[in-house]
Amino acid sequence: MVTDWQSRAKAKREAILSSIPDKWRLQKIPSVEEQKDVTGPYIQQFLNENEIEITETDAVGISEMVAAGTWSAVSVTEAFCHRASLAHQLVNCLHETFFDAALASAKELDDYYAQHKKTIGPLHGVPVSLKDQFHVKGVETTMGYVGWIDTFEGVPDDPRKKTFESEMVKELRALGAVLYCKTSVPHTLMTGETVNNIIGYTWNPKNRHLCSGGSSGGEGALISLRGSPGGFGTDIGGSIRIPAAFNGLYGIRPTAGRLPYEGMANSMDGQNSILSVVGPLATTARSVKLLTKAILSQKPWLHDPLVVDMPWRDSQEQAILDIVKSSSGKGQLSFGVMESDGIVNPQPPVARAVSMVAEALSKAGHKIIEWKPPSHARLLDIALKTWVYDGGKDVHGAFALSGEPMAVQIKGAFGDKPKEEMTASQIAANNVAKRRFQKEYLDYWNSTAQETGTGEPVDGFICPLAPYPAARPEKYLYYGYSVFVNGLDYTTVVLPVTTADKTKDQYSKGYSPINDQDKKAFDDYDADIYDGAHVSVQIVGRRFTEEKMLAIAEYVGGLLGK
């Protein structure tokens with residue numbers, strides 16, 4: 001079995017690389033010592049001026065240029081296929097490429113435009129990358145498992161193999177998006193680092209000493225290198241937000257039921273206490289908005305039984321715009337700030353980023369209060385139980401298909417073998433505990449109306465997304481800052497703030513860790529290694545406030561000069 005899984009993994013790995021045209025192959029991949037940062041000027045040297053202009057335009061700009069007839073869908077697609085190919089060679093971020101199919105789709109879009117002088121939808125000619133959970137016709141879905149190679153979710157003779165498409169894939173095609181690649185994930189999807197036995201480790205393009213995040217780590221790395229203007233990931237414990245934060249991107253974790261998940265591969269399918277959600281990552285806030293609004297225009301509630309009938313609401317977005325543009329002195333938003341959850345303190349670059357956002361908002365005239373919610377430790381205990389309802393049977397079964405080993409980042413959660421499954425009564429009790437905590441948190445949120453001075457509770461609260469700017473390999477050990485959001489099912493946006501600076505970002509002299517978990521974060525911090533890494537924060541909103549939170553993200557990004 002060992003030889004078998006290794007040979008299958010090697011063959012798949014080589015097939016991915018072989019799918020890249022020879023003309024786009026790099027002769028030498030620099031070591032991290034030779035070239036820590038492969039973004040910007042480094043990757044640009046392999047592209048012509050036209051390709052650079054196209055690939056460094058955001059999704060909104062691309063849609064406008066194609067709609068105006070200035071750029072063809074084919075030229076845009078080819079530029080991104082080239083840059084994505086370079087990105088994979090530099091950081092291992094792709095699981096699948098289907099460039100020929102993408103160029104054929106782009107040609108059809110150009111033919112339509114030539115005939116009708118209009119686009120077929122708001123994403124006409126916009127390349128969109130997909131995390132390797134989406135099923136696309138003619139393309140394999142391995143989700144990082146060797147045992148899923150040449151199968152449909154591990155079943156060799158399933159008739160859906162390479163014929164089935166996820167609901168959102170159909171909707172993206174109807175919107176005019178060009179699909180061209182699927183991005184890397186950690187096997188199981190259950191870690192903040194992206195690693196599997198097929199492609200190895202996906203590195204952070206800005207600082208290749210660090211991880212790209214997970215589980216949508218390939219998306220984060222690819223978009224960071226501008227090999228995609230925007231794409232879709234999923235999030236059950238931070239898997240959209242972590243890669244967005246670690247790669248200097250905007251991203252949104254929508255409330256469950258807002259965007260369609262129907263027909264996607266997953267781990268632990270059927271665990272319904274905390275649902276995985278799908279959402280976009282992109283280089284700009286307005287691009288995240290474009291992708292979200294476009295999907296909602298397809299009325300996904302007609303095709304996914306779990307999606308709520310809730311079209312895009314311009315009024316929620318406009319309410320924020322009216323406040324921040326007010327000249328009457330009443331243009332005030334209010335935010336809570338949670339500098340620490342009391343379990344693990346953020347490392348110095350992250351603490352500085354939280355302060356920068358709070359200070360920018362305060363300087364702009366908005367109200368800032370301290371966020372003092374019910375103990376997150378209680379919610380984390382509830383949330384983490386949901387991942388092991390089945391004792392790890394699902395993920396261990398997937399590894400058993402090939403006999404491949406489990407990455408060390410996964411083994412901490414699932415162990416060497418399945419454990420005893422929880423009973424229906426135990427699961428029900430955990431669901432009750434979750435609901436009670438959600439109610440307690442809701443009551444606390446409402447109580448902030450007494451502090452804001454606006455007569456209304458806070459519009460959102462600012463906090464770290466992880467203790468780290470971007471974790472070092474095998475050192476992503478604390479998920480509390482991301483997982484609590486999933487337990488509450490809140491809408492949350494990530495926005496880039498700054499980069500780590502070894503001259504500024506040091507623990508105070510005599511710093512004393514608050515517990516053993518905090519000591520690990522303290523001991524693992526190395527200002528020299530982190531220097532130059534992206535640093536981001538998240539702004540947490542109430543449930544189903546996607547329009548509002550995206551408007552806030554764009555506004556705050558503007559305050560920060562992003």
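**Loops, cysteines and a helix**

A: Asn-92 is found in the loop between helix H5 (73–91) and strand S1 (94–97), where helices (H or I, at least four residues) and strands (E, at least two) are DSSP runs numbered from the N terminus. This is a predicted model, in which local features need pLDDT of at least 70, side-chain atom pairs count only at pLDDT 80 or more, and totals for chains, interfaces and linings use all residues. Residues are numbered from 1 along each chain as its sequence is written, and side-chain values use heavy atoms, with hydrogens and water left out.

Q: What is phi of Asn-92 near?
A: Phi of Asn-92 is near 60°, a positive value in a residue other than glycine.

Q: How many disulfides does the structure hold?
A: The structure holds 0 disulfides, a disulfide being a pair of cysteine sulfur atoms within 2.5 Å.

Q: Switching to H12, how far apart are its end C-alpha atoms?
A: They are 22 Å apart, which agrees with the 22 Å that the 16 residues of helix H12 (residues 348–363) should span at 1.5 Å a residue, the expected span being 1.5 Å times one less than the number of residues.
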